[in-house]
Number of protein chains: 2
Amino acid sequence: MALADPSHPTCTAARYAEGVQGGYSPNVPTNRKPRVTIDQVAQATGVSRQTVSRAINNKTEIDPETRQRILDAAQAMGYRPSRFARGLVRQDLITIGLVIADVLNPFFPEVTAGVLEAAERRGWQVVVYNTGSERRKELEVVDMLFDQVDAGVAFLLHHDAIAKATAGNLPFVLLDKGGRAPAVPGVRIDFEGGARRGLEYLIGRGHRRIAMLDDEAYLSAEAPNTRRELYLKVMGEHGIPVDINWIQPAHNSIDGGAAAMERLLSAHRDVTAVFAYNDLIAIGAQLRARALGLRVPEDCAFLGFDGLSIGELVEPPLTTLHIDKRRLGEIAVEQAALLLGGMSEDEIPEAVIEPQLIVRASA
Amino acid sequence: MALADPSHPTCTAARYAEGVQGGYSPNVPTNRKPRVTIDQVAQATGVSRQTVSRAINNKTEIDPETRQRILDAAQAMGYRPSRFARGLVRQDLITIGLVIADVLNPFFPEVTAGVLEAAERRGWQVVVYNTGSERRKELEVVDMLFDQVDAGVAFLLHHDAIAKATAGNLPFVLLDKGGRAPAVPGVRIDFEGGARRGLEYLIGRGHRRIAMLDDEAYLSAEAPNTRRELYLKVMGEHGIPVDINWIQPAHNSIDGGAAAMERLLSAHRDVTAVFAYNDLIAIGAQLRARALGLRVPEDCAFLGFDGLSIGELVEPPLTTLHIDKRRLGEIAVEQAALLLGGMSEDEIPEAVIEPQLIVRASA
DNA sequence: CTGAAAGCGCTAACAA
DNA sequence: TTGTTAGCGCTTTCAG
């Protein structure tokens, strides 16, 4: 995908690319204006800094005239209170860190919506980090979190990143705690129940050769109870033999799903249904299958996981296991609030999100 | 309400007032564990606080043994350095605020991806705010920004919110500066060029009765050069009479587009093409039109704006004016960096993003 | 209504 | 290698 192409003739923005190359130090711009402090404003207006503070903070114990004069001077001088100095004194400025895998995967904006809304209700700020599910990046972000926020709400794949996050002194909530111990705060999405309902639906419709398109990122994550394992388990319970090559790893994207589907078809054209790691992969797979001449669901049925609204846009609309992603985000923030309130990790009430089978038309 | 002027740019009282209205204290959890400080760790380990600082910050001038001992104690005591105290001393911790209209509109995650990436390269944190394009919310968020971040990168619709944002002392970049003065830092998306190319494409294909589905949020925004005005302008230039009822306001969502399309069709079934405010509205409209029995593009053609990747999922794939949203986010951060580096607002180089017509199949 | 003093928790610069 | 001394910029007492 060549979206960001600054060399494109019509992109005036090109020069910025060079500007960045220019090589200035990344976070300390040169020529930085020194900060205007409250003392300078006080001096300029001939009052004490307390009086300036009163004006800025709209306190009542101040002459309205003085107040206005100070405000004007402050404005003119370019004064803005330092959040650090303020935060040091007041103990109620809370910032949480939200760690997601990929903003471009519609799953995460929905979770984010829930987190932002819940945080806003509490007057909290939300700093967002994107990991791309890379192990190195996850570890890096966890480190960052310890320095920058009061609590973390995170979607983490890699075992060591999770270990690091939960071992520290930072209140930490996992957006998908999977099969981890009860004492690890977080929301559990009942993938097992979901996968079971989904696969049994397919089996009930007569499917036996059911392929699985897995997220390749999980291959290295050492996570317990992956969707792939659940697939194997449920198939096994129903006595349906699984050819190991029915399982194809896919990059977690529409294109990834398409590519994996093509690989699958070239080896096993006889599968009658596809159980995908998620909707993105399912959509890509279904699109490619149709492009390759298969009829959906007659020749091959597709079952997604997540319940993204874009599943309704494709043809035929995608049957999927819907997760209430917004609620997921809200619950995580509520748990973070409890932790921040002093509740110990093992007192946090258990929270489970149950995926719902939504039958549309692809399976 | 307040005595004097809480709307004054340097006055931060506005949001405190809201907090008080809330009744319960929203951000101070009860039972809060008191913060463990560096002095406590120093005392517990029998060293000076400076030595603790050295251990925590991984400095070299310290006995590895002492270091480990301190680290263990710190960990056991639940010590975590205060970002406020740190920020006060070190001047290189930068946080920017990203203000978007709606996380659930795929346009914004793409912009966000660009912003996050550019910010990360600089080691900056990004706090995200969602306004829903509500005027009240935009004003509130702008206030918040003044308190909480070092620079703002914002998508703002309402004139007064923009005025407030740019009047203050905070480096501020608009993600869509529209037709505003050159001295207002921000990126200009050339909607006029885009709209012209798009409409001329439709006209060139023989369309004369071209409807416009506008974003209803703009009705109250007092923004210059809206897409609606451009539509009127270009149609006028081509001597094509426009029935004012061809313009339907829509909520900025797929459902909004669908509803608006239904309204449009009930009054003007004879339109042969729809120029939508954006892809979301276009997709909703097209879906509904097809559900109502119209063939696309034979009975009615659809042209979107934004170039969202979900436009490729619908049938027929959506013809659209593609905006490089990721690049938009990146450029905005680069401008913020210049501002933060001390460059004055009118020195910021002009940046324009040129929408590209992508002909798929809906028009 | 206004000011002076006392820290919030940390790190940089210098001494030891 | 470690400790001491100064602040960073602000708000919260408590006096005037």
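## Basis of the model

Residues are numbered from 1 along each chain as its sequence is written, while chains are lettered from A and ligands numbered from 1 in the order in which they are written. Because the model is predicted, local features need pLDDT of at least 70 and side-chain atom pairs count only at pLDDT 80 or more, whereas totals for chains, interfaces and linings use all residues; side-chain values use heavy atoms, with hydrogens and water left out.

A residue is taken as near a strand if one of its heavy atoms lies within 4 Å of it. There are 28 residues around DNA strand D, and those that come nearest are Ile38(A), Arg49(A), Tyr79(A), Thr51(B) and Arg54(B). By class (Ala, Val, Leu, Ile, Met, Phe, Trp, Tyr, Cys and Pro count as nonpolar, Asp, Glu, Lys and Arg as charged, and the others, Gly among them, as polar), this surface holds 10 nonpolar, 9 polar and 9 charged residues. Helix 3 (49-56) and helix 5 (83-89) of chain A, together with helix 3 (49-56) and helix 5 (83-89) of chain B, each supply at least two of its residues; helices here are DSSP runs of H or I with at least four residues, strands are runs of E with at least two, and both are numbered from the N terminus.

Of the atoms of DNA strand D within 4 Å of the protein, 59% belong to sugar or phosphate and the rest to bases. From chain B, an N or O atom in the side chain of Arg54(B) is 2.5 Å from a base oxygen of DNA strand D.

## The surface near DNA strand C

Around DNA strand C there are 28 residues, of which Arg54(A), Ile38(B), Arg49(B), Gln50(B) and Tyr79(B) come nearest. Sugar and phosphate account for 54% of the atoms of DNA strand C that come within 4 Å of the protein. The residues of this surface divide into 10 nonpolar, 9 polar and 9 charged.

The side chain of Arg49(A) has an N or O atom 3.2 Å from a base nitrogen of DNA strand C, while the side chain of Thr51(A) places an N or O atom 2.7 Å from a phosphate oxygen. In chain B, a backbone N or O atom of Ala85(B) lies 3.3 Å from a base nitrogen of DNA strand C.

## An annotated span in chain A

For residues 36-90 of chain A, an unreviewed UniProt entry lists "domain: HTH lacI-type"; the positions follow the numbering used here, feature names are shortened, and annotations may be inferred rather than shown by experiment. In the model, the span is 67% helix and 0% strand, and its end C-alpha atoms lie 21 Å apart.

## Strand pairing in chain A

Strands pair if DSSP finds at least two bridges between them. Strand 9 (residues 301-306) and strand 10 (residues 319-322) of chain A run parallel and are joined by 4 bridges, with Leu321(A) as the bridge partner of Phe305(A). Strand 10 of chain A also pairs with strand 12 (residues 356-358) of chain A, in the antiparallel sense and over 3 bridges, and here His322(A) stands opposite Gln356(A).

Technical notes: Polar contact = N/O pair within 3.5 Å; in protein donor to acceptor, adjacent residues only side chain to side chain.
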